[in-house]
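Subject: Structure for you to look at

Hello,

Here is the structure I promised to pass on. Please open it next to this email and follow along.

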Amino acid sequence: GATTSDGKNFWAIGQLSGVAYTTFGSTGTFTSVGPATDAGRTVNIYDGQLYGAFHEGATGSIKTVGTGLPTTASTYANLPGVASITLSPYNFYLCDLSSAVPGNDTLYLVDDAAGAVKKYSLVGGVWSDSGTIPVMAASKGLTGKVNGTSVQLFVTAMDTGGTGSGTL
């Protein structure tokens, strides 16, 4: 997975490399900004903070990568309450649905193994499980759009029948 903050700065994650940073136009030059891991899946930026989805053996997690948008060596930190969940998180979407909670207070993550989108709500500084939405098995992509106090989610699933097509 990869993401950009402005079309000039890029962060990527790989199964063996961890999170790396580069700039547009650089030729093969990457700076490791997170420890190497065989568990990296995708990276996203929300409110100026870089996050990653990881699947480590039988558990998964969503983590912050450094502070803000790191360009030098940093560490990963589990989101409280979403550490070592027994899911296979592939992608995620963070948003702000409650004016009573400052910043992002709702997390959706797609579990590609279970065919589900899990919802978490930030309660007292800890992410708490708020339910499950069934989706197609092998769903991997997830994004959303806030509409007032609700969210419209978009999920992609890969074809498991060998036709090369996918589903949105």
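**Overall shape**

For 168 residues, a compact globule would have a radius of gyration near 15 Å; this protein has 16 Å, which agrees. Please keep in mind that this is a predicted model. Along its principal axes, the C-alpha trace spans about 45 × 40 × 30 Å.

The secondary structure is quick to list. There are 15 strands and 0 helices.

Now the surface and the interior. Of the 168 residues, 44% count as buried. The accessible surface comes to about 8200 Å². Carbon and sulfur atoms account for 55% of that surface.

Contacts come next. Take those between residues at least 6 apart in sequence: 38% of them join residues at least 24 apart.

Charges are simple to report. The protein has 7 positive and 10 negative side chains. The centres of the two sets lie 3 Å apart.

**The sheet β1 to β4**

Four strands form an open sheet in the order β1-β2-β3-β4, and the pairing is antiparallel. Strands β1 (2–4) and β4 (31–32) stand at the edges. Each has a single partner strand, so one side of each is left without a neighbour in the sheet.

Look at one pairing in this sheet. A20 stands opposite S32 in β4.

**D47, a loop residue**

Next, go to the loop between β5 (40–46) and β6 (49–56), where D47 lies. Most residues other than glycine have a negative phi. Is D47 buried or exposed? At 65% relative accessibility, D47 counts as exposed. The cut-off for exposed is over 50%.

**T64, a buried residue**

T64 is found in strand β7, residues 59–65. With a relative accessible area of 17%, T64 is buried, because buried means under 20%.

Which residues does T64 touch? Leave out residues up to four places away in sequence. T64 then touches Q49, L50, Y51, T75, Y76, A77 and L79.

Strand β10 runs over residues 106–111. How many of the 6 residues of β10 are buried? The count is 6 of the 6, so β10 is largely enclosed by the rest of the structure. Both faces are covered. T106, Y108 and V110 are buried on one side. L107, L109 and D111 are buried on the other.

Strand β10 pairs with β9 and with β11. Strand β9 (residues 89–95) is joined to β10 by 6 bridges, and the two run antiparallel. In that pairing, C95 stands opposite T106. Strand β11 is also joined to β10 by 6 bridges, and these two run antiparallel. Here L107 stands opposite Y120 in β11.

Strands β10 and β11 form a hairpin with 4 residues between them. G115 in the turn has a positive phi of about 65°.

Stay on β11 for one more residue. Strand β11 covers residues 116–123, and V123 is found in it. V123 is exposed, with a relative accessible area of 52%. Now compare positions: V123 and G81 are 42 residues apart along the chain. Their C-alpha atoms are separated by 9.9 Å.

**The sheet β13 to β15**

Finish with an open sheet of 3 strands, in the order β13-β14-β15. Its pairing is antiparallel. Strands β13 and β15 (166–167) stand at the edges, each with a single partner strand. One side of each is therefore left without a neighbour in the sheet.

Strand β13 (residues 139–147) and strand β14 (residues 150–158) are joined by 8 bridges. K145 stands opposite Q152 in β14. The hairpin of β13 and β14 has 2 residues between the strands. G148 in this hairpin takes a positive phi near 70°.

Strand β14 is joined to β15 by 2 bridges, and the two run antiparallel. M158 stands opposite G166 in β15.

Best wishes

Methods
Residues numbered from 1 in each chain as written. Predicted model: local features only at pLDDT ≥ 70, side-chain atom pairs only at ≥ 80, totals over all residues. Heavy atoms only, no water. Pairing = 2+ DSSP bridges. Buried < 20%, exposed > 50% of the residue type's maximum accessible area, 1.4 Å probe, protein only. Rg over C-alpha atoms; globule rule 2.2 N^0.38 Å. Contact = heavy atoms within 4.5 Å. Areas by Shrake-Rupley, 256 points an atom, 1.4 Å probe, with all protein chains shown as cover. Lys, Arg positive; Asp, Glu negative; His and termini not counted. Charge placed at Lys NZ, Arg CZ, Asp CG, Glu CD.
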